[in-house]
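Dear colleague,

I am handing over the structure we spoke about, and I would be glad if you could look through it alongside the notes in this message.

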Amino acid sequence: MSEVKNIATREAYGDALIDLAKEHDNVVVLDADLAAATKSDKFAKEFPDRHIDCGIAEADMMGIAAGLSTCGKVPFASSFAMFAAGRAFEQIRNSIGYPHLNVKIGASHGGISVGEDGATHQCNEDLALMRTIPGMTVINPCDYVEAYAAVKAAYEMNGPVYIRFGRLAVPVINDESNYNFEMGKGIVMREGKDVTIIATGLMVAYSLEAAEKLAEEGIDAEVINIHTIKPLDEDLVVASANKTGRVFTVEEHSVIGGLGSAVCDALAEKDPVKVTKIGVNDEYGHSGPALELLKEFGLDADGIYKKIKETI
């Protein structure tokens, strides 16, 4: 078996932007003084005339992106999730969401795996915030292959899109040669009959590991990768819940308003079953090495396994 590569999803953002720009003259990229961190500096080196550094002014950046989109451009506005979804929320809501403009938001450094940057930069609320904006598509890819495909898919669709990327290098679990990204469609990564694990982002790889641990205990877990939080693949969620009768959601995000809440909304209306949300509880993160923080918050494979085992 070939060795599994570990690559941060933010790397895919930079690579996909370059390839998109080679094919489409209307692709432009904006940054708020964080090009090196979001990896859109790769684009800036290849296409300096199509890259705009707006400085530490995220709200202004969103306004500029909105304006460019009305002139036939497809702007990708890049910053940390905390500053994109958090600081510039009002501009995204009113200047991009309300007129339903064709702006793509590349939000890097989501979740507690930002690590040593601490609570002020560990955005565990972005998916919840973006879900509330009418017409906003919200994507949280699980690995490099999926992140690359998500950027391409975001360009192809018309309307505002929020894509979350991570700082931490994570396992590449998808095969680029046969991977197909379909907006709004979840992917069954592992068939199972006893419990359903619905995961997003870097939690998909850890959930697959947890499922293997559960299998050793005689618990057959189905693992679903939900890369598109909104629109949610409700049909797949309901079908799996109906099959297993027990659902766990796993996300590197607050348990309030994110994937878990979206799943609960769908199941409460269509097929009520018991759901346990695994994520960041009603608390802030803090500074520390990314892997140690994931372990502390129970978001590594062992933590997910223990939570499911003790609950059922």
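What follows is a short account of what was found in it. Please keep in mind throughout that this is a predicted model.

The largest cavity holds about 140 Å³ of space, and 17 residues line it, with N140, G166, G201, L202 and E252 lying nearest its centre.

Turning to charges, the structure holds 15 salt bridges. One of these joins the side chains of E212 and R190, at 3.2 Å from N to O, and it links distant parts of the chain, since E212 sits in helix α9 (residues 203–216) while R190 belongs to strand β9 (residues 187–190), 22 residues apart. On the surface, a patch of negative charge is formed by D282, E283, E292 and E296, and of these E292 is found in helix α12, which covers residues 290–296.

Two points in the backbone also deserve a look. Most residues other than glycine have a negative phi, and most peptide bonds are trans. Against that background, H100, which is not a glycine, has a positive phi near 50°, and this residue is placed in the loop between α6 (89–97) and β5 (104–108). The peptide bond from K230 to P231, for its part, is cis, with omega near 0°, and P231 lies in the loop that runs between β12 (228–230) and α10 (234–244).

With best regards

How values were computed. Residues numbered from 1 in each chain as written. Predicted model: local features only at pLDDT ≥ 70, side-chain atom pairs only at ≥ 80, totals over all residues. Heavy atoms only, no water. Patch = residues over 30% accessible without salt bridge, like charges linked within 9 Å, V, L, I, M, F, W, Y side chains within 5 Å. Areas by Shrake-Rupley, 256 points an atom, 1.4 Å probe, with all protein chains shown as cover. Salt bridge = Lys/Arg side-chain N within 4 Å of Asp/Glu carboxyl O. Lys, Arg positive; Asp, Glu negative; His and termini not counted. Charge placed at Lys NZ, Arg CZ, Asp CG, Glu CD. Helix = DSSP H or I, 4+ residues; strand = E, 2+ residues; numbered from the N terminus. 1 Å grid on protein atoms, 1.4 Å probe; cavity = no way out; pocket = protein on both sides within 12 Å on 5 of 7 lines; lining within 4 Å. Points joined across faces, edges and corners; volume = space filled by probe spheres on them.
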